[in-house]
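Please keep the sequence and the structure at hand while reading.

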Amino acid sequence: MIRHMIAIAALGLAAPVLAADEKPMAPVTIIKVGNLIADPAKGASGPATITVSGGKIIDIGQGDVVPSAPEDHVTIVDMSEKTVMPGLIDLHVHLTGDPGGDFWKQATEPTEWGVVVGAKNALLTAKAGFTTVREAGSSQYSAFSLRKGTAQGVIPGPRIIAAGPALAIVGGHGDTTGFKEDINDALASGYSCTGAVECAAKVRKASRAGSDIIKITATGGVLSQQGRGLEAHFTDAEMTSIADTAHSLGLKVMAHAHGARGIEAAARAGIDTIDHGTFADEAALRAMKANGSALVPTLMAFQGVSEGLGKGIYTPVVENKIRETLGSVGKAVTMAKKMGVPVAFGTDAGVFGHGRNAEEFALMVRHGLTPREAVASATTLAAEVLGMEGQIGRIANGYSADLIAFDGNPLEDVTVLENIDWVMVRGRVID
Ligand SMILES: [Zn+2]
């Protein structure tokens, strides 16, 4: 088509009006791959050529089949010295926040500031090789705005699956605490709830506002000012109501949970992922297995907070809670693997600096996952957890063109994923 038009132009004719069934050639990117890992379960398969158009992978050829004189709508990307893999997926990030900072800043910083911080962090996250993230809690529209920005290519960043505000109990983790009651009320997100009926209503409200997933804080949490422990905060009836209502709307539920009985209750209620899962014991993991809940361990969160201990960053109530958790970090991962509970990749970036997400891989391996399992946890398995296994998490025809390139073999040494050289999200190169 383009050659045809150029020939006509050379004859001095006016550019032809395209007939209704003719379209100009869509831009095509051809990536020369040194070593392809299309699916971590299948291993590396050597040199390949990936063709991308319209944001999707449209062809995968074995070996170097790049045309020597490509047409003018074709861009060639030379990754012939690199390993190319599907983009990584982090199931637990907080793009709108950075680590540290005094808790009272929530009373002084406008919510719009979160979008500015989030745009910066979206770029850092994408450059680290993460092409999809699950945003695990933000003020009402910050993450939704970022989601639109990266989807449309207005700002560079990963695909964002956004929760919006987390559902919490009054005074629990996720509600505003630490101020006078009138200030707590003024700063509240509007998503705390009491009783099955009100909690169902808040799920529907989150759905109406645009949540892709429902986040709940099923137990107490470490970095909030609430000092009421780390066990179950919602009742069984409330959690069941939240899970059933979300599922009826086609939404999954992710639960922040530390205490064992809170984890068990959340799994019994039908909640899809247990995030952190710090004190998970055998009974809790058995309930997760029976329900099909995945564990998202966020080991980097604990790494991040331990780096900040004793430096005056955290209030005494928070420091106490941090110390309570540190002895148990990673034990749930080891036990989950033994019991056949899926372990999916999530970091809690925002609790530590964005862009360090891939350091989680080494921690997962330290607690018993094989490198192959760790890589799958951030690709094929994470895609399944999102219900997006037909779109992301592998390199296959028709899948989103979410690709990363780097040196080395992560199926032998996961730390090679801490240095990513090239990233494409939805067919757009991040630079
Ligand atoms: Zn979190």
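**Confidence**

The model is predicted. Its chain has a mean pLDDT of 91, and 94% of the residues reach 70 or more. Over residues 1–18, however, the pLDDT is below 50. Beyond near neighbours in sequence, this stretch has 14 contacts in the model.

**Cavities**

How many cavities of 30 Å³ or more does the structure hold? There are 2 of them.

| Space | Volume |
|---|---|
| Largest cavity | about 40 Å³ |
| Second largest cavity | about 30 Å³ |
| Second largest pocket | about 170 Å³ |

The lining of the largest cavity is made up of H276, G277, T278, P297, L299, F302, S328, V329, G330, A332 and V333. Helix 9 (299–308) and helix 11 (331–339) each supply at least two residues of this lining. By class, the residues around the largest cavity are 6 nonpolar and 5 polar, with no charged residue.

Around the second largest cavity lie P86, G87, T131, I392, G393, R394, S400 and D402. Here the lining divides into 2 nonpolar, 4 polar and 2 charged residues.

**The second largest pocket**

Which residues line the second largest pocket? They are K337, V341, P342, V343, L369, E373, A376, S377 and L381. Helix 13, which spans residues 371–377, gives the largest share of this lining, with 3 residues. In the lining of the second largest pocket, 6 residues are nonpolar, 1 is polar and 2 are charged.

**N184**

N184 belongs to helix 4, which runs over residues 181–187. Is N184 buried or exposed? The relative accessible area of N184 is 7%, and buried means under 20%, so N184 counts as buried. The side chain of N184 is joined to the side chain of E181 by a polar contact of 2.8 Å. Leaving aside residues up to four places away in sequence, N184 touches T176, T177, G178 and F179.

Definitions and conventions:
Residues are numbered from 1 along each chain as its sequence is written. This is a predicted model: local features need pLDDT of at least 70, side-chain atom pairs count only at pLDDT 80 or more; totals for chains, interfaces and linings use all residues. Side-chain values use heavy atoms; hydrogens and water are left out. On a 1 Å grid over the protein atoms alone, a cavity is a set of points where a 1.4 Å probe fits but cannot get out, and a pocket is an open set with protein on both sides within 12 Å along at least five of seven lines; lining residues have an atom within 4 Å of a point. Grid points are joined across faces, edges and corners, and a volume is the space filled by probe spheres set on the points. Helices (H or I, at least four residues) and strands (E, at least two) are DSSP runs, numbered from the N terminus. Ala, Val, Leu, Ile, Met, Phe, Trp, Tyr, Cys and Pro count as nonpolar, Asp, Glu, Lys and Arg as charged, and the others, Gly among them, as polar. Buried means under 20% relative accessible area, exposed over 50%, partly exposed in between (1.4 Å probe, protein chains only). A polar contact is a pair of N or O atoms within 3.5 Å; within protein, one must be able to donate a hydrogen and the other to accept it, and residues adjacent in sequence count only if both atoms are side-chain atoms. Contact means heavy atoms within 4.5 Å. pLDDT is the predictor's confidence in each residue, from 0 to 100.
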